[in-house]
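Trainee: Could we go through the terms used for this structure and set each one against its definition?

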Amino acid sequence: MSGALGPLLRGVTRVLLDFDGPVCSIFAGLPADEVAARMRRRIGDAGHAIEREWEDEGDPLALLSSINETRPELVAYADAVLTELETEAALLARLNPEILDVLDACANSGRTVLLVSNNAGRAIGAYLDRAGLTDRVGGVFGRVPGEPASMKPSPRLLLDAMGETAPERCVFIGDAVRDVEAGDAAGVRTIGYANKPGKVAKLTGAGAAVVVESLLPLAAALTSPDIHT
């Protein structure tokens, strides 16, 4: 479906990127299930009861949402703990080498790159500093501290990143169904990044405008002379 990228990117000035997946694998060195387990342990050590529905959750972001639903008074603390753990994980994260081509293509074509992620902005910033990518990103829009409801599929973070820029001048690249749903809610077209088996069907079914299995065709399309901004 990469042939459809040209028309989709024509006129785009802001490239919005999900962080975990397109940029790096944040939990490659410190696995997500270990982060979730450490969150529970920290909450318990602080004297708070652990709800049964939290016990088997291996996704720390889903765990944060569950805490918000069942024990909202603990959200601020749980979010702070998760932010610490995400920042630790960011220092062990694995770069997606293809993103470098996308960043180069955006810089060479005068487009602004903005990261829009359910991860904490502090963790994203730590990763960018470590990877030497800080100057190649125009802004970071992580989840609002203490407000899990700001996370995708909510459009809130995307709308913040878009600012006053018209939706047709923006495109969002994400690797999850929730990214497509957030894009739809924000009125911005989403390119699905199917970086794992089974994602092509899921992202297509969710309504992604285009689905790619590599970011390299996207980088090539961004530098095509046929799609001047």
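The conversation below takes up the terms one at a time.

Mentor: Bear in mind that this is a predicted model, in which local features need pLDDT of at least 70, side-chain atom pairs count only at pLDDT 80 or more, and totals for chains, interfaces and linings use all residues. Residues are numbered from 1 along each chain as its sequence is written, and side-chain values use heavy atoms, with hydrogens and water left out.

Trainee: Why is Leu 157 called buried?

Mentor: Buried means under 20% relative accessible area, exposed over 50% and partly exposed in between, with a 1.4 Å probe and protein chains only; Leu 157 has 1% relative accessibility, so it counts as buried. Leu 157 lies in helix α7 (residues 156-162), where a helix is a DSSP run of H or I with at least four residues, a strand is a run of E with at least two, and both are numbered from the N terminus.

Trainee: What does Leu 157 touch, not counting residues up to four places away in sequence?

Mentor: Contact means heavy atoms within 4.5 Å, and on that basis Leu 157 touches Val 116, Ser 117, Asn 118, Phe 141, Gly 142, Arg 143, Val 144, Ser 150 and Met 151.

Trainee: What makes a set of residues a nonpolar core?

Mentor: The set must consist of buried Ala, Val, Leu, Ile, Met, Phe, Trp, Tyr and Cys residues joined through side-chain atoms within 4.5 Å. The largest such core has 54 residues, with Ile 67, Tyr 127, Ile 173, Ile 191 and Leu 218 having the most contacts inside it, and its largest share, seven residues, comes from α4. A second, separate core of 13 residues includes Leu 16, Leu 114, Ala 182 and Ala 186.

Trainee: How do you know that strand β4 pairs with β5?

Mentor: Two strands pair if DSSP finds at least two bridges between them, and three bridges join β4 (residues 112-116) to β5, the two running parallel. Within this pairing, Val 140 in β5 is the bridge partner of Leu 115.

Trainee: Why is β5 called an edge strand?

Mentor: The open sheet of six strands has the order β5-β4-β1-β6-β7-β8, with parallel pairing, and β5 (139-141) and β8 (210-212) each pair on one side only, as edge strands.
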